[in-house]
Amino acid sequence: MEKVETANKESQSPLAFLKNLLIARWRSLLLLLIGVYLPLQVFEILTVNIWENQAGFPWDVQILLAVHSTANPQLDVLAVTLAKIGLPWTAIPILGAIAIILLYQKRWRSLAYLLTASLGSIIINRIAKELMHRVRPQLWQSIAPESSFAFPSAHAMTSITLVAILLFLTWANSWRWLVLTFGSLYIIAIAWCRLYLGVHFPSDILAGWMVALGWTIGVSLIIKPHTTKAKSVDSERPKDETSLLPEERKLIEE
């Protein structure tokens, strides 16, 4: 009876309805602001500035020179190794293996997220590189030179995309803390190696991080790979991993 009265009050008061709606959805709204809008806003600022001035920002060169000042043979080996590990082509077998596991487990929603986030990240990177045509730094002779365009960094986008996918897929269990810890170290290490090798400006790295972060979080808000609360009667497999949510069915029917 109390629920009916509350519902009637909400229908009569737009302010009450707005308040309850915001309270119910505040997590999604906060994630949308911090995880999607702000990263894409930073990416837009970087893009506009580099479009107008290919040389980029004053701090680009300063940071590169500071990183290069630490060069030694041991770090050379480490940087080249990390560059190979961070290649987009290296992530493909990893994501492919995860995709097969998700397919076998009939976690179709999670599989849809993995494919959409990873393929979208690749497409965004290629389009952005071709549109921006930013040349790579020429401050010193790199021991692992690159010939493609620099902005945004494919290594940076790949590292963020890979870690974000793993994080969303493990969100419902304690593995997420392990992914978050080692994933953060992996992202930083890949960024460092690109700067150390002198093949990217810091703004390339930052732009790659921002656009990949906005994309992967944005896709998660739509596909909802972590929506696994409903269980099927005959197994532990999440029911809504193999079926559309009510609001998704409604959108198809309209």
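The legends below describe close-up views of a predicted model.

Figure 1. Of its 254 residues, 39% are buried. When contacts between residues at least 6 apart in sequence are considered, 75% of them join residues at least 24 apart.

**Figure 2. Packing of helix 7 against helix 8.** Helix 7, which spans residues 154-169, packs against helix 8, residues 175-196, at an angle of about 180 degrees, and the two axes are 9 Å apart. Because angles over 145 degrees count as roughly antiparallel, helix 7 and helix 8 are roughly antiparallel to each other. On the side of helix 7 the contact involves His-155, Ser-159, Ile-160, Leu-162, Val-163, Leu-166 and Leu-167, and these meet Arg-176, Val-179, Leu-180, Gly-183, Tyr-186, Ile-187, Ile-190 and Arg-194 of helix 8. By class, the residues of the contact of helix 7 with helix 8 divide into 10 nonpolar, 3 polar and 2 charged.

**Figure 3. Packing of helix 6 against helix 9.** Helix 6 and helix 9 pack with their axes 10 Å apart and at an angle of about 150 degrees, which makes helix 6 roughly antiparallel to helix 9. The crossing of helix 6 with helix 9 is right-handed. Helix 6 contributes Arg-109, Ala-112, Tyr-113, Thr-116, Ala-117, Gly-120, Ser-121 and Ile-124 to the contact, while helix 9 contributes Val-211, Trp-215, Thr-216, Val-219, Ser-220 and Ile-223. The residues in the contact of helix 6 with helix 9 comprise 8 nonpolar, 5 polar and 1 charged.

Figure 4. Helix 9 has 22 residues and reaches 32 Å from its first C-alpha to its last, close to the 32 Å expected at 1.5 Å a residue. The helix is mostly covered, with 16 of its 22 residues buried. Ser-203 lies in helix 9, which runs over residues 202-223, and at 0% relative accessibility Ser-203 counts as buried. Leaving aside residues up to four places away in sequence, Ser-203 touches Leu-46, Ile-50, Phe-57, Trp-59, Asp-60, Arg-134 and Phe-151. Helix 9 is followed by Lys-224, whose phi is positive, near 55 degrees.

**Figure 5. Backbone features in the loops on either side of helix 6.** Most residues other than glycine have a negative phi, and most peptide bonds are trans. In the loop between helix 5, residues 88-104, and helix 6 is Lys-106, which has a positive phi of about 60 degrees although it is not a glycine. Lys-106 is partly exposed, with a relative accessible area of 41%. His-133 is placed in the loop between helix 6 and helix 7, and its phi is near 55 degrees, a positive value in a residue other than glycine. His-133 is likewise partly exposed, its relative accessible area being 42%.

Figure 6. The peptide bond from Phe-151 to Pro-152 is cis, with omega near -5 degrees. Pro-152 is located in the loop between helix 6, residues 108-132, and helix 7.

Key. Residues are numbered from 1 along each chain as its sequence is written. This is a predicted model: local features need pLDDT of at least 70, side-chain atom pairs count only at pLDDT 80 or more; totals for chains, interfaces and linings use all residues. Side-chain values use heavy atoms; hydrogens and water are left out. Axes are lines fitted to C-alpha atoms, for helices over the stretch in contact, and angles run from 0 to 180 degrees between N-to-C directions. Helices (H or I, at least four residues) and strands (E, at least two) are DSSP runs, numbered from the N terminus. Angles under 35 degrees count as roughly parallel, over 145 as roughly antiparallel, 65 to 115 as roughly perpendicular and the rest as oblique. Contact means heavy atoms within 4.5 Å. Ala, Val, Leu, Ile, Met, Phe, Trp, Tyr, Cys and Pro count as nonpolar, Asp, Glu, Lys and Arg as charged, and the others, Gly among them, as polar. Buried means under 20% relative accessible area, exposed over 50%, partly exposed in between (1.4 Å probe, protein chains only). The expected span of a helix is 1.5 Å times one less than its number of residues. A crossing is left-handed if the near helix is turned anticlockwise from the far one by less than a right angle, and right-handed if clockwise.
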